[in-house]
Amino acid sequence: MSQNKILPDITSKNVESNALELEWVGMDKIGIPIIIDKQTFVASANVYVSLDDANVKGIHMSRLYAKLNEMAKLECNATNLHQLLITTLDTQQGISGNARLSLSFEYIINKPSLLSANTGYQSYPINIDAHYNG
């Protein structure tokens, strides 16, 4: 007969471990609309914060997602990205000092033809990588 071993619930109890600070903890490949020059684009977002206290079990992931949703309503520019990173840290209640956001998307422009009166769409891959080191 085999015995089932009961594993500790690390989310509800203090469990001895070799705790370490983590440079980046977060989420990858979140689909989000972003606004640039009054145009909406679909971006893939990666958002991270540091976990500076080795005794904390994790970050508040849903708060990262909520901040990204707020950004979807604003123009994507340096000022708003900076503010997003700062408020993202605020949501972590002091356990994080650094934040990072990466956005990847295709920027589409309707360009005139070189030799005729026609136009055509051209897409350009864009990557924005924003950091805030508190």
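Author: Buried means under 20% relative accessible area, exposed over 50%, and partly exposed in between, with a 1.4 Å probe and protein chains only. This is a predicted model, where local features need pLDDT of at least 70, side-chain atom pairs count only at pLDDT 80 or more, and totals for chains, interfaces and linings use all residues. Residues are numbered from 1 along each chain as its sequence is written, and side-chain values use heavy atoms, leaving out hydrogens and water.

Reader: How many salt bridges does the structure hold?

Author: A salt bridge needs a side-chain nitrogen of Lys or Arg within 4 Å of a carboxyl oxygen of Asp or Glu. The structure holds 2. In one, Asp129 meets Arg100 at 3.2 Å, N to O. That pair links distant parts of the chain: Asp129 sits in strand β4 (residues 119-133) and Arg100 in strand β3 (residues 98-112), 29 residues apart. Strands here are DSSP runs of E, at least two residues; helices are runs of H or I, at least four; both are numbered from the N terminus.

Reader: Is Arg100 buried or partly exposed?

Author: Arg100 has 23% relative accessibility, so it counts as partly exposed. Asp129, at 42%, also counts as partly exposed.

Reader: Which residue forms a salt bridge with Glu70?

Author: Lys67, with the closest N and O atoms 3.0 Å apart. Both lie in helix α1 (residues 61-71), about one turn apart. Lys67 is at 15% relative accessibility and therefore counts as buried.

Reader: What is the strand order in the sheet?

Author: Strands of a sheet pair through backbone hydrogen bonds, either parallel or antiparallel. Pairing here takes at least two DSSP bridges between two strands. This open sheet runs β1-β2-β3-β4, with antiparallel pairing. β1 (22-36) and β4 are at the edges with a single partner strand each, so one side of each lacks a neighbour in the sheet.
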